Amino acid sequence: MGAYWMNKCAQAAKNFDHEAAKEVKDQFRKSFESFDAGIQAFEKINDKSNIALLHSKLGRLMSYYAQFYAPVVNGVRQEFYQQKRQSYQKAFDYFHRGLKLIENRPDLSDIYRTLSWELSNTYFTMATSLQDYAPLITMSQDDIEKEIIDCMTRALKHLDIELNTPSSHRYTLAKYRAATIHHR
C-alpha cells in the first residue's frame, strides 16, 4: 500500500497541480503511514532486511515530498528553499537508518548496495537542485557552494560500492554518475 501511494506521489511531484495539493498531501500521509506500519510489523519479528528496505522507501518518499513542494511560479521552478532542504534531510536520515541496520551483514549486501545507490541518488538530486536553483536570497554564494560540494562528495562516497563492483548491473550508470558529479 505504501508503494502504491508513493507512486501516486511521484507522479504528482512531476506534474505539480495547486488544485490537487490537498489530495496529494493525503497520499503522502497514506504512504508514510503504510511504510511506518510495515516497519512496526517487521520489528516485531526482527526482520532487519525488510525494515531497512522500508526505511529506504521512506527516504524516497521524502525525496518526492521535497520535489513536490518546490515552488513553481508560471511554470518556472523557483529557488531552493528551507522546506525542501528539511525534506531532503529527512530522506537522508531514513536511508542512513536502513544502512545502519544492515551494514555488517554480508548476507544482505545486495540490499546494502541498493540503499547506498538510493542515498547517492538523493544526495546528487539535492546538489543539482541547489546548483540549478541556488537560494541566493537566503544564503551566500560561498555557503551554497560548500553545501553543493558536500552533497556531491557524499553522493560519490555512497556510489563507491557500485564503482568497486564491475559486475554490478548499475556499474555503467555509476561510472556515468561519477563523471557527471565531477563535471558539475
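**Figure 1. Antiparallel packing of helices α2 and α3 in the predicted model.** Helices α2 and α3 run roughly antiparallel to each other, because their angle is over 145 degrees. In this predicted model, local features need pLDDT of at least 70 and side-chain atom pairs count only at pLDDT 80 or more, whereas totals for chains, interfaces and linings use all residues. Residues are numbered from 1 along each chain as its sequence is written, and side-chain values use heavy atoms, with hydrogens and water left out. Helix α2 (residues 21–44) packs against α3 at an angle of about 165°, with the axes 9 Å apart; axes are lines fitted to C-alpha atoms, for helices over the stretch in contact, and angles run from 0 to 180 degrees between N-to-C directions. Helices (H or I, at least four residues) are DSSP runs numbered from the N terminus. The crossing of α2 and α3 is left-handed (the near helix is turned anticlockwise from the far one by less than a right angle). Contacts (heavy atoms within 4.5 Å) join residues of α2, including Phe 28, Phe 32 and Phe 35, to residues of α3, including Leu 54, Leu 58 and Leu 61. By class, this contact has 15 nonpolar, 4 polar and 2 charged residues (Ala, Val, Leu, Ile, Met, Phe, Trp, Tyr, Cys and Pro count as nonpolar, Asp, Glu, Lys and Arg as charged, and the others, Gly among them, as polar).

**Figure 2. Packing of α3 with helix α4.** The axes of α3 and α4 (residues 82–102) come within 8 Å and cross at roughly 170°. The two helices are therefore roughly antiparallel. Their contact comprises 12 nonpolar, 9 polar and 5 charged residues.

**Figure 3. Packing of helices α5 and α7.** Helix α5 (residues 109–132) and helix α7 (residues 171–183) have axes that come within 12 Å and cross at roughly 25°. They are therefore roughly parallel (angles under 35 degrees). Their crossing is left-handed. Trp 117, Asn 121 and Phe 124 of α5 meet Leu 173, Ala 174, Arg 177, Thr 180 and Ile 181 of α7.

**Figure 4. Lining of the largest pocket.** A pocket is an open set of points on a 1 Å grid over the protein atoms alone, where a 1.4 Å probe fits, with protein on both sides within 12 Å along at least five of seven lines; lining residues have an atom within 4 Å of a point. Residues lining the largest pocket include Arg 60, Tyr 64, Trp 117, Glu 118 and Asn 121. Helices α3 (48–68) and α5 each give two or more residues to this lining, which divides into 3 nonpolar, 6 polar and 2 charged residues.

Conventions:
Angles under 35 degrees count as roughly parallel, over 145 as roughly antiparallel, 65 to 115 as roughly perpendicular and the rest as oblique.
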